[in-house]
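Colleague: Before I use this model, I should like to go through the reasoning behind its descriptions. Could we take the terms one by one and set each against its criterion?

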Amino acid sequence: MPIIFEDAEQRWTMQSHNWSYESITATLCESLDTLGEPEAKIIGEYTEIIDNADELLENFLESFPDEPAQVQLQLLTATVKLFLKKPTEGSQQMIQVVLNNATIETDNPDLRDQAYIYWRILSTDPE
């Protein structure tokens, strides 16, 4: 799911109708500045079709420590997805910063546990 909606009813409506996000993803990316402060963030679901997904995500990660816990969890997941779908040096640096923030710099046990799970998964050899 590429969008976190502050309003659970909006999220349920889009999920229950199984709408395709691909048609609106570009428009949402262009409109991120106008969304303001709500918990509506573009996430890593469609990183392969968003040319500048790493730049967009990096902008949101600057405020990672100040975000609510739910947004931090989504940013963590989005960064992992970006790294897995587009494993570049930039996404590798982003994942290291996010994992560091989520494990060392947080008091939230859910965020910390999820980050440690991702860290262990990413550091194991798949063979």
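Modeller: Let us begin with helix H5, residues 69–85. This is a predicted model, and the values discussed are computed from it.

Colleague: What makes the length of helix H5 agree with its 17 residues?

Modeller: At 1.5 Å a residue, the 17 residues of H5 should span 24 Å, and the end C-alpha atoms are 24 Å apart, so the two values agree.

Colleague: Why are H5 and H6 called roughly antiparallel?

Modeller: The two helices pack at an angle of about 155°, with their axes 9 Å apart. An angle over 145 degrees counts as roughly antiparallel, and H5 and H6 are therefore described in that way. H5 passes H6 in a left-handed crossing.

Colleague: Which residues meet where H5 packs on H6?

Modeller: From H5 the residues are Leu76, Thr79, Val80, Leu82 and Phe83; they meet Ser91, Gln92, Met94, Ile95, Val98 and Leu99 of H6.

Colleague: How do you know that H4 and H5 are also roughly antiparallel?

Modeller: Their packing angle is about 150°, and their axes lie 11 Å apart. The cut-off is again over 145 degrees, so H4 and H5 count as roughly antiparallel. Here too the crossing is left-handed, with H4 passing H5. Ala53, Asp54, Leu57, Phe60 and Leu61 in H4 meet Leu75, Ala78, Thr79 and Leu82 in H5.

Colleague: What covers the buried residues of H5?

Modeller: The cover includes helix H4 (53–61), helix H6 (89–103) and H7. The residues concerned are Val71, Gln72, Leu75, Leu76, Thr77, Ala78, Thr79, Val80, Leu82 and Phe83. In H6, the buried residues pack against H4, H5 and H7; among them are Ser91, Met94, Ile95, Val98 and Leu99.

Colleague: Why does Asn101 count as buried?

Modeller: Asn101, which has its place in helix H6, has 17% relative accessibility. Buried means under 20%, so Asn101 counts as buried. Leaving aside residues up to four places away in sequence, Asn101 touches Phe64 and Thr106.

Colleague: How many helices and strands does the protein chain have?

Modeller: The secondary structure comes to 7 helices and 0 strands, and the pattern along the sequence reads α-α-α-α-α-α-α. Buried residues make up 38% of the 127 residues. Of the contacts with a separation of 6 or more, 56% are accounted for by residues 24 or more positions apart.

Key:
Residues numbered from 1 in each chain as written. Predicted model: local features only at pLDDT ≥ 70, side-chain atom pairs only at ≥ 80, totals over all residues. Heavy atoms only, no water. Helix = DSSP H or I, 4+ residues; strand = E, 2+ residues; numbered from the N terminus. Expected span 1.5 Å × (residues − 1). Buried < 20%, exposed > 50% of the residue type's maximum accessible area, 1.4 Å probe, protein only. Contact = heavy atoms within 4.5 Å. Axes fitted to C-alpha atoms, helices over the stretch in contact; angles between N-to-C directions. Parallel < 35°, antiparallel > 145°, perpendicular 65-115°, else oblique. Left-handed = near helix turned anticlockwise from the far one by under 90°.
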